[in-house]
Every structure is written in structure tokens, then in C-alpha cells.
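Colleague: I'm new to reading models like this one. Could you take me through a few features and show me how to read each?

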Amino acid sequence: MIELIDVVKHFGDVRAVDGIRLTVPRGEFFCVLGPNAAGKTTTIKMLVGLIRPTSGSARIAGFDVQSEPLEARRRLAYVPDFPFLYEKLTPWEFLRFTGQLFLMEDEAIGRAASDLVPRFQLEEWLHKPIEALSHGTRQRVAIASALLHDPEVFVIDEPMVGLDPHHARVVKDTLRERAQRGMTVFLSTHQTSVADEMADRVGIIHRGRLVAVGTPADLHRSAGTDGALECAFLAITEDAFSEGSRSAQ
Amino acid sequence: MKPSRTPLSLLLWVNSLSTWRRFLALRHQSRLLVGVIGIFLTGYLLLSYFMFHLGLRFIGRFPGLGSLLVERLIYLLFAFLFLLLLLSNLVIAYTNLFRNRETAFLLTLPVPIETVFIWKLIESTLLASWAFLFLIAPLLAAYGYVNHVEWHFYPATLALVGVFLVIPGVVGAAAAIVLARHLDRKAFQIAVVTVLLSFIALIAWRFQPEPIANEQLEARVQAVIDRLLVNTSFAQSPALPSYWLSAGVQNWAEGALHAAGFFALVLASYSLFLTRMATLFLGNPFGEAASNVQSRNSLFAEWAWFRRLESRRSALAAELRSTFRADGRPQPVDRGKYHPAWHPSDPLDRLLRRLRLAPDARAVVAKDIRLFWRDTTQWGQTVLLFGLLTVYVINLRHFTRQLDSQFWVSLVSFLNLGACALNVATITTRFVFPQFSLEGRRVWVVGLAPLGLARTVWIKFWLASIAALLLTLSLTALSGHLLHLEWPRILFFAAATTIMTFTLNAIAVGLGVLYPNFRETNPSKIVSGFGGTFCLVLSLLYILASVVTLALGSPWGWREVDPQPGRAAFAWTVFILFSVLAGAIPFRLGLRRAAETEL
């Protein structure tokens with residue numbers, strides 16, 4: 001599970017994340033939405049340990065990301081919007097490398113890969129250099145390697161960028177299936193339709209604050225909207241914007 | 001059972017494999033080009049070995065003082081290389097630790113932060129040191145040959161150098177962590193440039209020539225040499241790691257193995273001590289610094305002058321915001337109404353408008369100048385290169401009394417031409433060559449605009465050439481003035497410099513388009529690829545051929561009595577032919593490739 005406990009992050013005078021408190025239980029599919037520069041990526045970076053919060057703390061599966069980083073990261077997988085891959089390795093070598101860093105034995109890596117490789121249709125590319133792969137194929141390699149060690153918590157930033165509809169479906173189904181088996185998914189996206197379709201709960205971050213959290217139905221109720229989640233999102237962020245402007249004045 | 005490979009060994013393995021495959025990829029490059037680069041590198045090693053050999057023998061024969069002078073030169077060379085290694089390790093370690101995608105990737109994996117730091121330390125030290133090895137290998141080989149050393153001198157020296165390189169590597173990385181924890185990127189770059197300028201000023205102050213009367217030289221040689229060598233005594237400070245290396249190498253060459261072993265042990269103990277301290281104590285500070293760098297914390301924010309500057313900027317931003325309504329939506333804009341906050345006054349725009357450039361050319365020029373100005377690394381390195389050359393040229397005035405023979409005046413003026421062209425080649429390879437690649441994924445912005453890629457390439461060529469010309473012509477005029485050259489001779493060198501500057505820029509722009517790397521965002525990595533190496537090799541070969549041709553056909557001759565105008569005309573014809581071939585071919589091919597580039 002994921003716990004964000006009163007997390008604050010300052011960038012100089014700017015309060016990028018402003019006291020976020022959130023618990024995402026085991027097996028929940030949680031989507032986070034927000035306008036540009038709302039603080040989503042900063043929140044994710046604190047969650048995965050890339051930056052330290054100014055105050056507050058983040059926990060992964062009960063382990064504090066700052067004080068017990070190795071224990072937290074063993075249970076975590078993180079796929080950023082532009083994932084890093086070694087250009088000169090093949091996807092198979094990259095999968096093996098990440099598996100070994102997670103202390104997996106070769107047989108275990110082989111077993112996990114035999115499920116993920118056909119699922120993400122990587123057979124054709126498995127032994128070709130990564131530098132020759134398209135953006136979408138790279139994204140599939142990154143997601144497959146992140147899922148290899150069967151993480152308890154999966155954090156992903158804009159997973160659908162570069163994926164065709166078929167592979168976007170595969171990613172959604174795989175994450176949904178893993179969530180049903182107990183993996184906690186924390187997905188950040190600008191696509192409200194993805195959140196609407198996939199999320200058990202949705203959080204909306206605006207100006208560094210978690211301004212709304214709940215099921216899509218809860219969000220509609222609080223915003224007084226119906227139909228697509230986009231309507232609730234626009235209503236909530238517009239309200240928050242007006243409140244922010246009034247308080248600034 | 002856990003896998004037997006440690007995270008560090010895995011990282012070493014994947015990165016070694018990647019490097020090996022990069023090397024194997026040379027098979028897919030043109031054999032002719034690979035051959036040219038191979039021959040050049042071998043030629044450099046052989047030629048520099050030959051020159052060092054001649055130089056060491058020449059100095060060594062100086063009556064009574066030869067061995068002393070050689071010893072001082074070795075100490076001095078290693079002391080300067082140590083300082084440069086420190087600076088190089090600092091800059092490379094900063095980029096590698098805090099601006100590197102692999103580092104960010106590894107920091108989210110269950111790899112101990114100490115392991116990530118050690119791997120990045122190894123990588124930075126190797127990146128910062130390979131050129132040092134390439135530079136000193138022929139010197140040490142020549143030194144060994146001149147001193148008739150035993151065979152074991154060479155492996156022992158290699159081991160000593162290897163152990164020595166660890167020290168600037170660790171110190172540079174530690175300094176990068178300290179700076180990153182307290183300075184943001186811009187402040188860091190300003191700090192590095194300040195250090196560079198101080199370094200140049202120190203050299204200019206410390207190595208001022210001392211006037212010595214002829215009678216002193218004839219009567220009191222020992223006293224004069226001692227006075228001159230006082231300036232180099234800092235290189236023999238026993239606290240300097242370069243002293244331990246120099247003393248170890250020289251003692252080994254003389255067969256004093258006990259003394260050499262002592263210095264080897266001093267080097268080894270410091271290297272091991274520093275490495276141990278780094279593994280024990282720098283992991284966590286590295287993690288904090290990595291977080292700080294991403295959080296843009298800055299020491300500057302605590303300074304009043306910086307806060308005043310920021311508040312002025314905030315006021316400008318507030319003015320911009322005032323053009324929005326309270327609900328955050330833009331105020332309705334009247335057609336034709338001028339919003340000063342949206343168009344802040346910009347001296348660069350005003351200047352370019354005065355030059356009456358076409359609007360599309362003005363846009364590309366303004367963008368490239370802004371990017372150059374905002375990347376302190378680029379102008380910092382330019383300042384360092386041309387700063388050192390300026391210090392040298394200004395110091396020429398102290399030698400003019402000695403430059404009373406035609407031979408020395410000619411030699412120094414042609415060497416100045418070569419040095420100036422080498423600086424231009426360094427700048428064009430380092431900054432102009434990667435320009436096209438750096439457009440990267442954004443290449444469509446200019447590629448799809450009505451001006452097209454071919455015109456963009458032309459604009460980049462003219463901008464880079466004119467900027468370089470401002471520097472090279474100024475230095476040529478200054479050098480000619482300080483050498484008391486007559487006007488025809490200054491014009492001669494100015495014309496040669498102009499042609500060489502345009503040619504070197506044509507090589508860099510043309511090859512940059514022919515060998516693009518759109519995936520890489522780091523210019524130093526773009527340059528270290530095949531195309532960048534080829535650009536440097538071609539530029540150096542062109543400079544060598546041009547300077548030698550012009551020098552051989554110098555219209556003023558090399559002695560008082562032998563000027564030969566016919567030979568000069570022939571030399572200029574060959575020089576212009578070289579320039580057209582070396583510059584026009586890659587540039588034309590580059591233009592054709594740019595016109596055919598599929599976006």
C-alpha cells in the first residue's frame with residue numbers, strides 16, 4: 001500500500017506540494033489527475049524517493065521511502081513518462097538486468113518473462129537492440145521490465161503516451177489484473193477517460209493540494225456533474241482556481 | 001539462493017557491454033573514414049612521441065642543467081595536468097551524478113545509494129581521464145627511451161598513473177556533491193566560470209616573464225636559472241599528488257626503486273583512503289544533493305542581491321498576470337493593442353532588427369544566441385580557450401626584444417596562426433557540430449517552417465562563422481601588433497585566419513548534418529561519437545596542411561634574404577584549394593542531406 005502523510009515540497013518560494021495526505025490500500029487502482037504544473041510529478045518523485053519532501057513522509061508497503069529506501073524500492077516499480085533504457089542492450093538483456101537487480105534468479109526471470117513477453121508482444125524485438133525500437137515498443141519494454149519482479153506497488157506516469165490502442169488495452173488489462181491480485185497501482189495521467197475506465201478511486205491535485213478524492217461517482221456528486229469524468233474534473237479544478245484567486249486577492 | 005552478481009558488477013557489465021557494442025558499430029561506418037581516424041590517432045601518437053623524444057634530448061643536453069630542467073618540466077606538466085583533471089572531474093561528475101537519466105533510473109531501483117555513487121564515480125573518472133592518458137602516453141614512452149629504462153618502468157608507470165587518477169576523480173566528485181547541495185545549476189556554472197577566470201588570471205600573474213640582462217646570462221647562469229625556476233617551485237610541493245606521481249616515475253626511471261616504491265605507496269595509500277572515505281561518507285550526501293538539484297534549492301536565494309533581482313522579475317511576471325482576469329482567463333485582447341508585458345524589451349531583438357535580417361533568419365539567429373548565452377558551459381569553455389590564448393598573445397610583448405631575427409618572427413607568427421585555428425577547431429567541433437543534432441525531436445519546428453532545413457543550415461553557418469571571426473580576427477590583430485608586424489603581414493594573417501575560420505565552420509556544420517544524433521540531448525556525447533571525432537580529425541588535418549603550406553611559402557621567407565613571391569602565390573593557391581575541398585565538400589553534402597531529411 002501507499003501512504004502519503006502530510007507531504008509538503010517547497011521549490012524556493014514555491015509550494016509545489018502542499019500537505020497531501022493520502023492512503024491507497026493494497027490492490028487499489030488509484031488514478032491521479034491534475035492540470036499542468038499541479039504537483040503530480042513532484043508527488044510521484046517524492047513517492048519513489050527521487051526527491052525528499054520538505055516535510056511529511058511517504059511510505060511504500062509500510063516502509064518509509066527516506067529512512068528504509070531499499071526495503072521500499074524492493075516492493076516498488078516506477079515507470080516515468082520517458083523511461084530510461086540502455087540503448088545498446090536488447091530487451092531480453094534489459095529484462096534480465098532489472099530482474100537481477102531485484103535479486104531474482106535466472107529461472108524466476110525466465111518464468112516471469114515467459115508471461116510478460118508474449119502479453120506485450122515483444123517476441124519479435126526481444127533480441128534486437130533497444131536503440132532500433134519505436135517509442136511505443138520501448139514503453140512496452142519498460143512496463144514489462146517493471147512488472148517482472150511482481151511489485152507490490154506500481155507507480156506509472158502517463159502510461160499511454162506512444163502506445164497504439166491495441167497495446168494501450170493490453171497495458172490497462174494487465175494493470176487491472178495485477179491490481180486484482182493485490183498490486184497497488186498509482187497512475188498519473190491527463191486522460192480523464194483512462195481514469196474513468198480504470199480507477200477504483202481518483203485523486204485530483206491542483207496547485208499542490210489534493211482538492212478531491214473518491215470514486216468517479218463521488219467526484220461527480222461533489223462537483224454536481226454527470227457524464228464523463230472530464231466534466232467533474234473541469235468543474236472541480238475551476239472551483240479550486242477561483243478559490244485560489246480569491247484567497248490571493 | 002540469491003544471484004551471485006552484485007549490483008555494482010551488474011552495472012559494470014551492462015555498461016561495458018554497451019561500450020563494446022558502440023565500438024563494434026564502427027564496422028557499419030565507412031572504412032575510409034574509420035581508416036582516416038585510425039591513421040590520425042596512430043600518427044598523433046607517433047609524431048608526439050618523436051617530438052617529445054627530440055625535446056627531451058635537446059633539453060637534456062643543456063650543459064650542467066639538462067637533467068634539472070627535464071625534472072622541473074615533468075613536475076610542472078603533471079602539476080598542471082592535475083589541476084585540469086580536478087576541473088574536468090568536477091564538471092563531468094556534476095553532469096554524471098545530477099543530470100543523468102541513468103542515475104535517476106538507478107535511484108528508483110533497490111540499488112544501495114553508495115553503489116550508484118561508486119558506479120557514477122568510476123564512470124566520471126574514466127570519462128575525465130582518458131584524454132590525459134592519451135596525452136601523456138607518448139611523453140612517458142619518450143622519457144623512458146631517452147633514459148634507457150628497464151622494461152618494468154612501463155607497466156610500473158601505467159600502474160602509478162592508474163592509482164594517481166583516482167585522487168582527482170574522488171576529489172572532483174566530492175566537490176561536485178558539495179556544490180550541488182548548495183548551488184543551483186546556474187550558480188554552479190557561474191562558480192565554475194569564476195574558477196576558470198581566476199585560474200587564467202593566476203597563470204597570467206604567476207608566469208610573467210622576467211627581464212634578464214645578457215651579461216647576467218653569460219656570467220651567472222646558475223643564479224639566473226635558479227631565479228627563473230622559482231616560479232615553477234610550486235609544482236614540487238610534497239603535498240601535491242602530482243609530485244608523488246612525478247617523483248615515482250622519475251625515481252623508477254633512474255633505477256631508485258626504493259624511493260619509487262615509497263612514492264607509489266604514498267599514492268596508493270591516499271587513493272585507497274579517499275576511495276574508502278567516498279564509499280563510506282559520500283553516498284548519503286549524494287542522495288541529498290540529487291534531491292536538492294531537482295528541488296532547485298539555491299544558496300543564492302539566501303542573498304539579498306539575488307532576492308532583489310528575483311523580486312524585479314516577479315514584478316514583471318505580475319504585470320504579465322495583470323493581463324488576465326481574476327478567474328484566470330485572459331483579458332479580451334483588442335486587436336492591434338500592444339501589451340508591453342507580453343513583449344518585454346529585448347536588446348538582442350533590437351540589435352538584430354537593426355541588422356535588417358529577414359524575419360525567419362532573425363528568429364533562428366536570436367534562438368541560437370539565446371541558447372548559447374543561457375548554456376554557461378558553452379560560453380565558459382569558449383572563455384577558457386580564448387582567454388588562455390589571449391594571455392599568451394599579450395605576453396608576446398615581453399619576447400619582442402628576443403624576436404629580432406626573421407626566422408623567429410616568422411615561426412612565432414605562423415605558430416600563432418596554428419594556435420588560433422586550433423582554438424576555432426575546438427570550438428566548432430564542441431559547439432557547432434552538435435547544433436543540428438541538438439534540434440533533435442524539435443527539428444520539425446524549423447524543418448516544417450517555410451524557411452526549410454537547408455536555409456537553417458546556412459543561417460547556422462553564417463552565425464557561427466561571424467561569431468568566430470570576431471574572436472580570431474581580434475587575436476590576429478593583437479598578435480600582429482605585439483609582434484610589431486608590418487601591415488601587409490597582418491593582412492596576410494588576417495586573410496588566412498578568415499578563410500580558415502569559414503572552412504572550419506563549414507566542416508563542423510556540414511558533418512553535423514551528415515552525422516546527426518537526434519536521440520542524444522547531451523552535446524558532449526554527440527561530439528564523442530563517430531561524426532564528432534571525424535570532424536575534429538578533419539579539422540586538425542586541414543589546419544596542419546594549411547599552416548605548413550603557408551609557412552613554406554611565406555612571402556617574407558625564413559631568412560633575411562630569401563623572400564620568393566612565386567612560391568608564396570603557389571602556396572596560397574594550394575591553401576585555397578585545401579580550404580575549398582575541406583570545407584565545401586562536407587558543407588554541400590550537408591546541405592543536400594538537410595534538404596532530403598525526412599521529419
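Colleague: Is B:Ala235 buried or exposed, and why?

Modeller: The general idea is to count neighbours: a residue is buried if 20 or more other C-beta atoms, placed from the backbone, lie within 10 Å of its own, exposed if 12 or fewer, and partly exposed in between. B:Ala235 has 21 other C-beta atoms within 10 Å, so B:Ala235 is buried. Bear in mind that this is a predicted model, where local features need pLDDT of at least 70 and side-chain atom pairs count only at pLDDT 80 or more, while totals for chains, interfaces and linings use all residues. As for the labels, residues are numbered from 1 along each chain as its sequence is written, and chains are lettered from A and ligands numbered from 1 in the order in which they are written.

Colleague: Where in chain B does B:Ala235 lie?

Modeller: Helices (H or I, at least four residues) and strands (E, at least two) are DSSP runs, numbered from the N terminus. B:Ala235 lies in the loop between helix H9 (221-230) and helix H10 (241-253) of chain B.

Colleague: And which residues does B:Ala235 touch?

Modeller: Two residues are in contact if their C-beta atoms, placed from the backbone, lie within 7 Å. Leaving out residues up to four places away in sequence, B:Ala235 touches B:Tyr75, B:Leu76 and B:Ala79. B:Ala449, on the other hand, is 57 Å from B:Ala235, C-alpha to C-alpha, and 214 residues apart in sequence.

Colleague: How many helices and strands does chain B have?

Modeller: Chain B comes to 24 helices and zero strands. Its 599 residues include 31% that count as buried. Take the contacts in chain B between residues at least 6 apart in sequence: 80% of them join residues at least 24 apart.

Colleague: How do I read two helices that cross, say H5(B) and H6(B)?

Modeller: Start with axes, which are lines fitted to C-alpha atoms, for helices over the stretch in contact; angles run from 0 to 180 degrees between N-to-C directions. Here the axes of helix H5 (residues 113-146) and helix H6 (residues 153-182) of chain B come within 9 Å and cross at roughly 145 degrees. Then there's handedness: a crossing is left-handed if the near helix is turned anticlockwise from the far one by less than a right angle, and right-handed if clockwise. H5(B) passes H6(B) in a right-handed crossing.

Colleague: What sort of residues make up that contact of H5(B) with H6(B)?

Modeller: Ala, Val, Leu, Ile, Met, Phe, Trp, Tyr, Cys and Pro count as nonpolar, Asp, Glu, Lys and Arg as charged, and the others, Gly among them, as polar. On that count, the contact of H5(B) with H6(B) has eleven nonpolar, seven polar and no charged residues. Among them are B:Leu121 and B:Ala128 in H5(B), and B:Val161 and B:Gly169 in H6(B).

Colleague: Now chain A. How do I read a sheet?

Modeller: Strands of a sheet pair through backbone hydrogen bonds, either parallel or antiparallel. Two strands pair if DSSP finds at least two bridges between them. In chain A, six strands form an open sheet in the order S6-S7-S8-S3-S9-S10, with mixed pairing. Strand S6 (76-79) and strand S10 (209-214) of chain A each have a single partner strand, so one side of each is left without a neighbour in the sheet. From one strand to the next, the twist averages 15 degrees.

Colleague: Which strands run parallel there, and over how many bridges?

Modeller: Strand S3 (residues 29-33) and strand S9 (residues 201-206) of chain A run parallel and are joined by four bridges. A:Leu33 stands opposite A:Ile204, and A:Phe30 stands opposite A:Arg201. S9(A) is mostly covered, with five of its six residues buried.

Colleague: What about S9(A) and S10(A)?

Modeller: S9(A) and S10(A) pair in the antiparallel sense over five bridges, and A:Gly203 has A:Val213 as its bridge partner. The two strands form a hairpin with two residues between them, and A:Arg207 in the turn has a positive phi of about 50 degrees.

Colleague: What is the order of the other open sheet, the one with four strands?

Modeller: The order is S2-S1-S4-S5 in chain A, with antiparallel pairing. Strand S2 (14-24) and strand S5 (63-64) of chain A are the edge strands, each pairing on one side only.
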